[in-house]
Amino acid sequence: MFQQLFKSIQEKVMLTQEEMELCKTFFIPKKLRKKQTLLQEGDICIYNAFIEKGILRSFSMDEKGNEHIVQFAIEGWWITDLSSFLTNSNSIYTIEALEDSELLLLTTAARESLMDKIPMFERYQRLLLQNAYIANQARINSALTETAEEKYINLGIAYPGIVKRVPQHMIASYLGLKPETLSRVRKQINNRR
């Protein structure tokens, strides 16, 4: 159950076998069924979730009932409402499983304790936050400057294989496109192949 987590950690920092065993004691294994939520908009986010298996999405709803997907998280990725998780404020997002999923959950208290006991885990968390900030800036730049086709192509680079695992209307929502625009873009790309 911890294979993906330790692979993710070891890509950034080195832990001893003893540290890996200690690390396991801080996580809560959780299985979610497809369409089951980990977090509901308005609730306080109490978990930072690592995806061992499956795929989740984080989204908000506007006043017209339209979904706006801000993140997909696949195997080896983390997902949370970071603002709610760190500040104990109400979440503006819902986090939902798009497939049957296996997660490792970390509470705020467990995260703090784990970082105290294993300094390299704190470094790992810092590197994750740093990379998330960089990815967020790239996402904002993409939304402001890229064509619909560039957004779609870059999605495939950031999330390999996602277009086969996620419904197209959700891909369109993530990219800030109408479903018919995404359909046209996909058709244009396929016609060039």
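Five of the six residues of β4 are buried, so this strand is largely enclosed by the rest of the structure. Buried means under 20% relative accessible area, exposed over 50% and partly exposed in between, with a 1.4 Å probe and protein chains only. Helices (H or I, at least four residues) and strands (E, at least two) are DSSP runs, numbered from the N terminus.

The model is predicted: local features need pLDDT of at least 70, side-chain atom pairs count only at pLDDT 80 or more, and totals for chains, interfaces and linings use all residues. Residues are numbered from 1 along each chain as its sequence is written, and side-chain values use heavy atoms, with hydrogens and water left out.

**The sheet around β4**

β4 belongs to an open sheet of four strands, in the order β2-β7-β4-β5, with antiparallel pairing. Two strands pair if DSSP finds at least two bridges between them. β2 (37–39) and β5 (67–73) are the edge strands; each has a single partner strand, so one side of each is left without a neighbour in the sheet. Neighbouring strands here are turned by 30 degrees against each other on average, direction ignored. Axes are lines fitted to C-alpha atoms, for helices over the stretch in contact, and angles run from 0 to 180 degrees between N-to-C directions.

β4 and β5 form a hairpin with five residues between them. In the turn, G65 has a positive phi of about 90 degrees. S58 stands opposite Q71 in β5, and M61 stands opposite E67 in β5. Towards β7, L56 has A97 as its bridge partner.

Helix α8 (residues 168–175) lies across β4 and β5, at about 100 degrees to β5. Contact means heavy atoms within 4.5 Å.

**The other sheet**

An open sheet of four strands has the order β1-β8-β3-β6, again with antiparallel pairing. β1 (28–32) and β6 (78–79) stand at its edges, each with a single partner strand, so one side of each is left without a neighbour in the sheet. I51 has L103 of β8 as its bridge partner. Helix α1 lies across β3, β6 and β8, running at about 110 degrees to β3.

| Strand | Partner | Bridges |
|---|---|---|
| β4 (residues 56–61) | β5 | six bridges |
| β3 (residues 48–53) | β8 | five bridges |
| β4 | β7 (residues 94–97) | four bridges |

**Cores**

A nonpolar core is a set of buried Ala, Val, Leu, Ile, Met, Phe, Trp, Tyr and Cys residues joined through side-chain atoms within 4.5 Å. The largest has 22 residues, and L5, I9, F27, F121 and Y124 touch the most other members. α1 (3–10), α2 (17–24), β8 (101–106), α4 (108–117) and α5 (119–145) each supply at least two residues of this core. The largest share, four residues, comes from α5.

Y124 touches L5, S8, I9, K12, V13, F50 and W78, not counting residues up to four places away in sequence. Apart from this core lies another, of 21 residues, among them A148, Y159, M170 and I189.

**α4 against α5**

α4 and α5 pack at an angle of about 120 degrees, with their axes 5 Å apart. The two helices are therefore oblique to each other. Angles under 35 degrees count as roughly parallel, over 145 as roughly antiparallel, 65 to 115 as roughly perpendicular and the rest as oblique. α4 contributes R111, L114, M115, D116 and K117 to the contact, and α5 contributes P119, F121, E122, Q125 and L129.
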